[in-house]
Amino acid sequence: MTIDWNHFTPWTSLAGGVLIGIAAAMLVLLSGRVAGISGIVGGLLTPRRGETGWRLAFVAGLFAAPLAMALFAQAPVPRIDAGFGMLVVAGLLVGVGTSYGSGCTSGHGVCGLSRLSPRSLVATAAFMLAGIATVFVVRHLA
Amino acid sequence: MNLFSAFAAGLVFGVGLILSGMTDPGKVIGFLDVAGLWDPSLAFVMGGAILVGFFAFALAQRRAKTFFGGAMHLPHNRDIDKRLIAGSALFGIGWGLAGFCPGPVLVSFASGQEKAAIFVAAMLGGMVIYHAADRLIHEPRRRAA
């Protein structure tokens with residue numbers, strides 16, 4: 001195992017993580033909801049009475065984030081290697097998978113692990129291992 | 001008040017995603033590439049988030065109401081089943097292929113990334129397909145049961 005020191009950003013990543021934790025804390029303690037992004041978005045596609053407003057407000061907040069960030073710092077340019085076909089396949093898999101498995105990196109990974117939920121621990125292990133295996137196949141075998 | 005706090009939470013969440021590096025697929029794939037040049041940063045994202053989240057959810061679990069007096073909606077499902085594992089594995093494959101997961105890709109989409117827009121459209125399509133298939137397959141079975 002070789003560490004990629006050029007891209008390693010422990011402090012900004014830790015600070016960003018703390019902000020994500022604060023946001024999850026705000027949502028659960030003030031609105032009584034779990035900050036699981038796939039669940040929040042999925043709930044907008046199957047709308048139910050009283051379940052839409054807070055979801056839209058949260059997503060609006062997410063959408064406003066790049067604008068708020070631009071006031072303080074220039075955003076780094078993201079590296080997106082995937083082409084059109086790959087993005088479509090990956091997007092479909094993420095949409096179907098998070099619906100079937102009831103969560104993603106935020107719902108199971110952050111909130112579930114924070115609650116010490118065994119169910120979310122299994123889910124997080126499953127998507128981490130699948131992600132690692134996929135990158136291994138794409139980068140080192142294909 | 002509820003809407004305002006949800007908006008504020010989304011805003012802080014999104015800023016955290018950008019600052020942490022989660023909106024950069026190259027960084028996500030660098031984290032998953034344990035056999036190549038490994039970028040451990042995302043472990044610090046998870047660590048930082050759980051450090052705060054642990055105390056927040058411990059507090060939330062001991063309260064019947066939110067600080068604004070609203071209902072507390074915490075997950076009750078404790079099942080570890082085929083759906084959970086297969087669904088999470090499918091999600092992990094998609095995550096590894098493009099380096100995007102649902103939160104960061106929405107933020108990236110809002111910052112005007114065309115590739116993020118393609119991914120978001122496909123992801124919403126996947127969610128719609130799942131719900132349609134679920135209705136077709138499971139609804140008759142639930143009714144028969």
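**Notebook: a look at chains A and B**

Buried residues make up 54% of the 142 residues in chain A. I note at the start that this is a predicted model, so I read every value below as computed from it.

**Entry 1: chain A.** I went through the secondary structure and found 6 helices and 1 strand in chain A. Read along the sequence, the pattern is β-α-α-α-α-α-α, with the strand at residues 2-3. I then checked the extent of the trace: the C-alpha atoms of chain A fill a box of roughly 50 × 40 × 35 Å along the principal axes. For contacts in chain A with a separation of 6 or more, 39% come from residues 24 or more positions apart.

**Entry 2: chain B.** From the N terminus, the elements of chain B run α-α-β-α-α-α-α. Its radius of gyration is 18 Å, well over the 15 Å that the globule rule gives for 145 residues, so chain B is more spread out than a compact globule. The C-alpha trace of chain B spans about 50 × 40 × 30 Å along its principal axes. I also noted that 54% of the 145 residues of chain B count as buried. Among contacts in chain B between residues at least 6 apart, 37% join residues at least 24 apart.

Entry 3: I looked at how the strands meet. Strand S1 of chain A and S1(B) pair in the parallel sense over 2 bridges. In this region Ile3(A) stands opposite Trp38(B) in S1(B).

**Entry 4: the nonpolar core.** Which residues have the most contacts inside the largest nonpolar core? They are Ala23(A), Ala24(A), Phe58(A) and Phe119(B), in a core of 88 residues. Leaving aside neighbours within four places in sequence, Ala24(A) is in contact with Ala35(A), Val110(A) and Cys111(A) of chain A, and with Ala49(B), Gly53(B) and Ala56(B) of chain B.

Entry 5: Most residues other than glycine have a negative phi, so I stopped at two exceptions. Ser102(A) has a positive phi of about 55° although it is not a glycine. Ser102(A) lies in the loop between helix H4 (84-100) and helix H5 (105-114) of chain A. Buried or exposed, I asked of Ser102(A)? Ser102(A) is buried, because 23 other C-beta atoms lie within 10 Å and the cut-off is 20 or more.

Leu116(A) sits in the loop between H5 and helix H6 (118-141) of chain A. With 13 other C-beta atoms within 10 Å, Leu116(A) is partly exposed.

Note on methods:
Residues are numbered from 1 along each chain as its sequence is written. Chains are lettered from A and ligands numbered from 1 in the order in which they are written. This is a predicted model: local features need pLDDT of at least 70, side-chain atom pairs count only at pLDDT 80 or more; totals for chains, interfaces and linings use all residues. Two strands pair if DSSP finds at least two bridges between them. Helices (H or I, at least four residues) and strands (E, at least two) are DSSP runs, numbered from the N terminus. A residue is buried if 20 or more other C-beta atoms lie within 10 Å of its own, exposed if 12 or fewer, and partly exposed in between; C-beta atoms are placed from the backbone. The radius of gyration is taken over C-alpha atoms; the globule rule is 2.2 Å times the number of residues to the power 0.38. Two residues are in contact if their C-beta atoms, placed from the backbone, lie within 7 Å. A nonpolar core is a set of buried Ala, Val, Leu, Ile, Met, Phe, Trp, Tyr and Cys residues joined through C-beta atoms within 7 Å.
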